[in-house]
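Reader: I'd like to learn how to read a model like this one. Can you walk me through it?

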Amino acid sequence: MEQTLVLIKPDGVLKKVAGRIISRFEDKGLKIEALKMVWIDEELAKSHYEEHIGKSFFQRLLSYITQAPLIAIVISGPEAIKVVRNLVGKTNPVKAEPGTIRGDLALDLESGNIVHASDSQESAAKEIDLFFSAEEIYSY
Ligand code: CMP
């Protein structure tokens, strides 16, 4: 089994689609091992999005991700990183296929792409560690 980190970003919380997003993962048969609402500060945002520091959209990304609380979730399942990213869809909601979470529930990068999902085993391990202590993750 593989673990991945999903964030229902502040725009997903503000749009009140968190339940529908969580259902997509549950409907697929994936397992929720940890879940919490957090209002992250700039320090955590910078650690989480370290690889984007210096990019043209970085300051906007910081304001966007710290504007309201988000919901952090550890999801597990066979090849969970790939399976979750397939369900989530392309980064830019304009290009995300209908049927994917971003394709169905988000409009464009300007208004937000409502979810984040780890893109590799390395980033999943780092991101899970940033948001959760080992005691907060349930193996069942
Ligand atoms: P996420 O999958 O969380 O990873 C990086 C985030 O940066 C991305 O989703 C978007 O929320 C945000 N972002 C804003 N503009 C861009 C862009 N031009 N390219 C990639 N990501 C962007």
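**Strands, a ligand shell and a histidine**

Author: Let's start with a strand pairing: Leu7 has His116 in S4 as its bridge partner. Before going on, note that this is a predicted model, where local features need pLDDT of at least 70, side-chain atom pairs count only at pLDDT 80 or more, and totals for chains, interfaces and linings use all residues. Residues are numbered from 1 along each chain as its sequence is written.

Reader: Fine. In what sense do S1 and S4 pair, and over how many bridges?

Author: Two strands pair if DSSP finds at least two bridges between them. Here S1 and S4 are antiparallel, with 3 bridges. Strands are DSSP runs of E, at least two residues, and helices are runs of H or I, at least four, numbered from the N terminus. S4 covers residues 115–117, and His116 sits in it.

Reader: Which strand pairs with S1 over 7 bridges?

Author: That's S3, residues 70–77, again in the antiparallel sense. In this pairing, Gln3 stands opposite Ser76. Gln3 itself belongs to S1, residues 2–8.

Reader: Is Gln3 buried or exposed?

Author: A residue is buried if 20 or more other C-beta atoms lie within 10 Å of its own, exposed if 12 or fewer, and partly exposed in between, with C-beta atoms placed from the backbone. Gln3 is buried because it has 21 C-beta neighbours inside 10 Å. As for its strand, 6 of the 7 residues of S1 are buried, so S1 is largely enclosed by the rest of the structure.

Reader: What does Gln3 contact, beyond neighbours within four places in sequence?

Author: Contact means that the C-beta atoms, placed from the backbone, lie within 7 Å. For Gln3 the list includes Glu33, Val74, Ala80 and Ala124. Gln3 and Ala124 are 121 residues apart along the chain, yet their C-alpha atoms are separated by 7.0 Å.

Reader: Back to His116. Why does it count as buried?

Author: Because 20 other C-beta atoms lie within 10 Å of it. Leaving out residues up to four places away in sequence, His116 touches Val6, Leu7 and Lys9. UniProt, in an unreviewed entry, places the feature "active site" at His116; such annotations may be inferred rather than shown by experiment.

Reader: And which residues surround the ligand?

Author: A residue is near a molecule if its C-beta atom, placed from the backbone, lies within 6 Å of it. The ligand is surrounded by His52, Phe57, Leu61, Thr91, Leu109, Asn113 and His116.

Methods
Two residues are in contact if their C-beta atoms, placed from the backbone, lie within 7 Å.
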